Amino acid sequence: MPRQCSETCLELLALELVRAYGRQSRVPPAAAVDAIGFRTGRQLAERYTANRARLGEPLEVIKFVCKEFWMEVFRKQVDNLRTNHRGTFVLKDNTFRWLAKLSVDPAPPAGAAATRAVASVAELARDYLVLPCALVRGALAHLGVNAAVTAEAAVPPACEFTVTIKPR
Amino acid sequence: MVAYNIYFFNRQGTCLYYYEWHRPKSVRQGAGTSADDQKMMFGLFFSLKTFAAAMDPRQDNKSLGAPLRIGEACTFHSFCTNNYKLHFLESPSGLKIVLNTGPDAGDLRDHLNYIYGAIYVECVLKNPAYTPGRPFSCELFTARLHHYIRSLGL
């Protein structure tokens, strides 16, 4: 029976990680969180592919990430996967659990202020998406797919991860 | 059964959240201002807690005047008047939830516990955008709270 940790602990840890790195200024926070996520992603990928067959094609690796990896790390599967068949994949998750609790005070009804408030939630979400992006990047790298991962959350908790495979 | 209003106080007495669904008598006729209203409410619990502990016929400890820690001694749950019933819950961290409903409400302790555990803790404490101790009004919390209160038939 693998050791388990409560989900609350993980949520609060991820939240405080971003805030703690944001508060200090010795290292650039995004880079630090990215490095942590990358290393963790590699280790997680190793753990979750321990007993299965080798994954060859990049598409298979991406499908593994969308199903098993997402299920283990984010407790559900990716809802939608699109590709342009030239190395770019877009993974869409309609209720990304790590962003499910992010919420701000209700916006005032005036037009310009409301759009500003929506923009601020999306910006806030960006800080908290650095860690998941790095996890995915680390997992892909460990399975042989060298890619850049970015994420955008226009309307939290729905968010899209864009994976761009780097040409050799 | 109708819900009138709800208050959330922190340990120091700051009102973190207040919402009223239905309050026919305006605040001005009652306590004066919103701030006075909240101060009176908070002062009430402090006195009631001390009173309840002092008048407890069963326990035989605690000299009068010793500071009461949360959860120790007897805790009061609610009081009822002919017009409304006030329900109270104090969490171990000092957060106090007060809910005023109609007098025929029954025991809402489990519901208050749910409001604390599943709504406040989930939506407020785990919200990355929230600094603990400050007043809050985030949309997710408000939506869930109203939905829950409505589902209770209040």
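**Sheet and core in a predicted model**

Biologist: Over how many bridges do β2(A) and β4(A) pair?

Modeller: This is a predicted model, by the way. In it, β2(A) and β4(A) run antiparallel to each other. One bridge on the way joins A:K92 to A:E160, which sits in β4(A). Counting up the bridges between the two strands gives six.

Biologist: And which strands of chain A stand at the edges of the sheet?

Modeller: Four strands make up an open, antiparallel sheet, in the order β1-β2-β4-β3 of chain A. A strand at the edge has a single partner, so one of its sides lacks a neighbour in the sheet.

Biologist: What angle does the direction of α3(A) make with that of β2(A)?

Modeller: Start with the packing: α3(A) lies on the sheet and touches β1, β2 and β4 of chain A. Comparing the helix direction with that of β2(A) gives about 15°.

Biologist: Which element supplies the largest share of the largest nonpolar core?

Modeller: That core has 36 residues, and A:W70 is among those with the most contacts inside it. Several elements of chain A supply at least two residues each, including α2 (29–48), α4 (111–142) and β4 (158–165). Nine residues, the largest share, come from α3(A).

Biologist: How many residues are in the second, separate core?

Modeller: Look to chain B for some of its members: B:Y17, B:Y120, B:L145 and B:I149 are included. This core is separate, and its count is 25 residues.

Notes:
Residues are numbered from 1 along each chain as its sequence is written. Chains are lettered from A and ligands numbered from 1 in the order in which they are written. This is a predicted model: local features need pLDDT of at least 70, side-chain atom pairs count only at pLDDT 80 or more; totals for chains, interfaces and linings use all residues. Side-chain values use heavy atoms; hydrogens and water are left out. A nonpolar core is a set of buried Ala, Val, Leu, Ile, Met, Phe, Trp, Tyr and Cys residues joined through side-chain atoms within 4.5 Å. Buried means under 20% relative accessible area, exposed over 50%, partly exposed in between (1.4 Å probe, protein chains only). Two strands pair if DSSP finds at least two bridges between them. Contact means heavy atoms within 4.5 Å. Axes are lines fitted to C-alpha atoms, for helices over the stretch in contact, and angles run from 0 to 180 degrees between N-to-C directions.
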